[in-house]
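Hi,

Here's the structure I promised to pass on. Have a look, and then read on for what turned up in it.

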Amino acid sequence: MTDNKKRVVCIVGPTASGKTALSVSLAEHFDGEVVSCDSMQIYRGMDIGTAKPTRDEMRNVPHHMLSVVDPAETYSAARYVKDAGEITDVILARGKLPIIVGGTGLYVDSLVNGTDFAEYDENTECRRELFDLYEKHGAAYIHSMLKEVDPARAAQIHENNVKRVIRALEVYNMSGKTISAHDDESKARPPRYNAVYIGLMYEDRELLYDRINRRVDEMMASGLEREVQNLLSSGISSDTTAMQAIGYKELVSYFEGKASREEAIQNIKQASRRYAKRQMTWFRRNKSINWIAVDKTKNFSDVLQASINFVSFDSI
């Protein structure tokens with residue numbers, strides 16, 4: 001029997017697959033609360049382009065981890081695990097069922113597993129020294145430094161990914177322990193939560209792509225251009241992590257005269273389709289996911305009932 005004190009439901013799948021509607025219906029059925037697991041829905045003022053649920057779509061179900069930081073801020077998986085973990089624990093303490101929903105696979109896995117990204121604070125002085133070495137000697141030089149102390153991690157990080165190379169070196173310099181060793185220790189610990197995974201997918205990929213294309217058209221009709229303009233007008237730089245989100249960076253290119261409006265729209269659709277493919281590649285590695293082929297079900301009621309069955313069976 002599942003330990004209900006640590007029991008959560010995770011609804012995952014590619015963009016535009018119907019996760020939001022299912023999460024709300026499951027929350028209503030099981031007296032739960034929704035915890036968003038989307039790396040871009042955390043930002044305030046980014047509602048349309050991130051497909052953030054509206055008040056009507058929430059149907060009075062409590063939602064968490066939406067619009068919690070300013071777009072100018074830097075956010076990370078480590079910070080998400082801390083913030084969302086605290087919220088999830090509070091929901092469990094109230095006797096409610098946390099329903100974690102989103103397409104950011106790293107965030108989902110890290111939250112459920114309780115991944116401890118760093119047992120130490122980031123050190124700006126150490127980072128500055130490493131960055132100075134990069135400025136003086138180049139990316140290959142600092143990558144070779146990482147290769148000496150942590151060859152396993154160096155093999156995973158391209159030398160041009162300077163930010164991650166520097167972070168790995170910083171971790172080693174501050175703790176005397178490589179990130180690879182740290183990850184091995186994290187994996188050896190039991191998961192933070194007992195998760196029931198429900199995955200939404202489309203066997204006919206073209207049907208999903210059609211949903212994605214139509215969603216982009218709906219976003220444009222709902223004012224995505226105005227939303228991006230408002231962010232830029234408020235002083236948010238186009239170089240921030242938030243503004244690299246799909247739908248935002250493409251429109252920035254349009255505003256800068258680097259693409260026509262129609263080209264920007266087509267680029268958003270293409271980037272969204274590619275993102276959906278990457279999401280499925282990530283989630284397929286998780287053998288615990290109970291998959292539902294949305295395009296093979298007759299209607300939403302069948303998807304909901306199958307999901308209810310998965311959750312109910314797990315509690316027996």
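To start with: which side chain meets that of Glu-86 in a salt bridge? The partner is Lys-82, at 3.2 Å from N to O. A salt bridge here is a side-chain nitrogen of Lys or Arg within 4 Å of a carboxyl oxygen of Asp or Glu. Both residues sit in helix α3 (residues 77-93), 4 residues apart, so about one helical turn separates them. Helices are DSSP runs of H or I with at least four residues, numbered from the N terminus.

Before going further, please keep in mind that this is a predicted model: local features need pLDDT of at least 70, side-chain atom pairs count only at pLDDT 80 or more, and totals for chains, interfaces and linings use all residues. Residues are numbered from 1 along each chain as its sequence is written, and side-chain values use heavy atoms, with hydrogens and water left out.

In total, the structure has 14 salt bridges. One of them joins Asp-217 to Lys-269, with the closest N and O atoms 3.0 Å apart. Asp-217 belongs to helix α10 (residues 205-222) and Lys-269 to helix α13 (residues 261-283), so this pair ties together parts 52 residues apart in sequence. Lys-269 is buried, at 9% relative accessibility, while Asp-217 is partly exposed at 39%. (Buried means under 20% relative accessible area, exposed over 50%, partly exposed in between, with a 1.4 Å probe and protein chains only.)

Lys-52 and Asp-47 also pair up, at 2.9 Å from N to O. Lys-52 is buried at 10%, and Asp-47 is partly exposed at 35%.

Lastly, check out Glu-73, Arg-79 and Asp-83, which are linked in a network of salt bridges.

Cheers

Notes
Helices (H or I, at least four residues) and strands (E, at least two) are DSSP runs, numbered from the N terminus.
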